[in-house]
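User: I would like to go through this model by question and answer. Please keep it brisk.

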Amino acid sequence: MTDTTTAHPREVLLDAQGATGLLPVCDHYCGVEVRMRKSLQLQAEMTEEFGACMFDITLDCEDGAPVGGEAEHADLVLAVARDAVPEARVAVRVHPVDHPAFAADVEKLVGQAADRWCHVMIPKVDSVADVELAVRHVDAAGGSTLPLQVLVESPLAVHNAFEIAAHPRVQSISFGLMDFVSAHGGAIPGEAMGLQGQFTHPLVVQAKLQIASACHAYGKTPSHCVVTEFSDAEAIGHAAHRAAAELGYTRMWSIHPSQIRPILAAFAPTDAEIDTAVAITEAAIAAQWAPVSHKGKLHDRASYRYYWQVLERAHATGKLLPQGMLKYFA
């Protein structure tokens with residue numbers, strides 16, 4: 001039986017340690033050497049500023065590699081990753097499983113640096129069979145402990161989202177907006193790839209909700225797609241807020257350093273939400289997780305789970321927590 005007087009809230013609240021809050025809420029993509037190195041420097045600076053890693057960096061071998069130069073680009077990505085400080089959270093996106101460069105990517109990047117990556121991103125996954133193929137290659141290269149994140153980019157993939165999310169090696173599912181739109185052969189207008197259209201076109205919204213629902217069903221992290229209007233901080237903040245508040249996403253892609261802080265701010269709880277979560281969690285701990293009354297409302301373990309996840313999200317987005325709560329994030 002768990003000793004509730006000393007146990008961590010995650011232990012007491014069972015599934016409160018699920019995907020939400022455990023991964024940084026921002027995943028920053030870059031594939032050009034100067035941007036990769038600058039991103040690693042920014043990650044180190046923000047880690048020092050906040051006392052925790054605020055975003056992942058995914059080095060891109062798919063869109064980052066010139067056609068015909070895939071092997072050379074993989075060498076570059078490997079060199080950049082090896083130059084990163086040991087505590088850096090660095091991932092790599094390889095080519096799709098049906099691409100001629102996929103096997104070579106995995107053999108080199110996982111085979112020579114399996115302990116460097118926090119995860120491997122597999123793009124253009126359509127089915128569980130694609131996931132299994134990726135797993136076999138990653139494991140054969142020495143990455144049997146590496147989690148996989150997958151990118152869903154087609155109507156078929158969205159249809160199979162629940163089966164994909166159920167796979168034990170899948171840690172997170174990302175939505176590939178632009179490929180999803182183009183996969184419809186013109187049936188979805190180009191405006192649906194923009195800031196407004198991606199939140200209003202029914203097929204796009206349906207796809208986003210399907211992915212988020214599948215992830216939450218299996219305790220995985222749903223990661224929202226890019227916003228291409230990278231120079232507009234207000235736009236990225238608005239999109240990130242809608243992704244989190246309306247569609248259930250707990251993570252989002254960044255494609256420019258200027259997008260990182262707006263994403264963090266949009267995914268962070270408000271100060272009022274944090275204050276309420278602290279008060280209810282402290283009361284729950286004092287009551288050894290028995291039901292309590294707070295401002296005339298009854299709370300028990302069902303709501304404790306929610307408020308603990310608010311605190312997890314606050315920590316993951318760099319919000320200040322009282323000293324009594326910080327011990328749970330040491």
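Analyst: Helices (H or I, at least four residues) and strands (E, at least two) are DSSP runs, numbered from the N terminus. This is a predicted model: local features need pLDDT of at least 70, side-chain atom pairs count only at pLDDT 80 or more, and totals for chains, interfaces and linings use all residues. Residues are numbered from 1 along each chain as its sequence is written, and side-chain values use heavy atoms, with hydrogens and water left out.

User: Which residue follows α12, and what is its phi near?

Analyst: The residue after α12 is Gln 288. Its phi is positive, near 55°.

User: What span should helix α12 have, and how far apart are its end C-alpha atoms?

Analyst: The expected span is 1.5 Å times one less than the number of residues. Helix α12 (residues 271-286) has 16 residues, so it should span 22 Å. The end C-alpha atoms agree with this, being apart by 22 Å.

User: Which residues of α12 are buried, and which elements do they pack against?

Analyst: Buried means under 20% relative accessible area, exposed over 50%, partly exposed in between (1.4 Å probe, protein chains only). In α12 the buried residues are Ile 274, Ala 277, Val 278, Ile 280, Thr 281 and Ala 284. An α-helix has 3.6 residues a turn, so residues three or four places apart point the same way. The buried residues of α12 pack, by contacts (heavy atoms within 4.5 Å), against β9 (292-294), β10 (297-299), α13 (301-316) and α14 (323-326).

User: Is His 95 buried or exposed?

Analyst: His 95 sits in the loop between β3 (90-93) and α4 (102-113). Its relative accessible area is 3%, so His 95 is buried.

User: Which side chain makes a polar contact with the side chain of His 95, and at what distance?

Analyst: A polar contact is a pair of N or O atoms within 3.5 Å; within protein, one must be able to donate a hydrogen and the other to accept it, and residues adjacent in sequence count only if both atoms are side-chain atoms. The His 95 side chain reaches the backbone oxygen of Cys 61 at 3.2 Å. Cys 61 is 34 residues away along the chain, yet the two C-alpha atoms are separated by 6.5 Å. The side-chain partner is Asp 105, at 2.6 Å.

User: How many helices and strands does the chain have?

Analyst: Along its principal axes the C-alpha trace spans about 65 × 45 × 40 Å. Buried residues make up 53% of the 330 residues. The chain has 14 helices and 10 strands.
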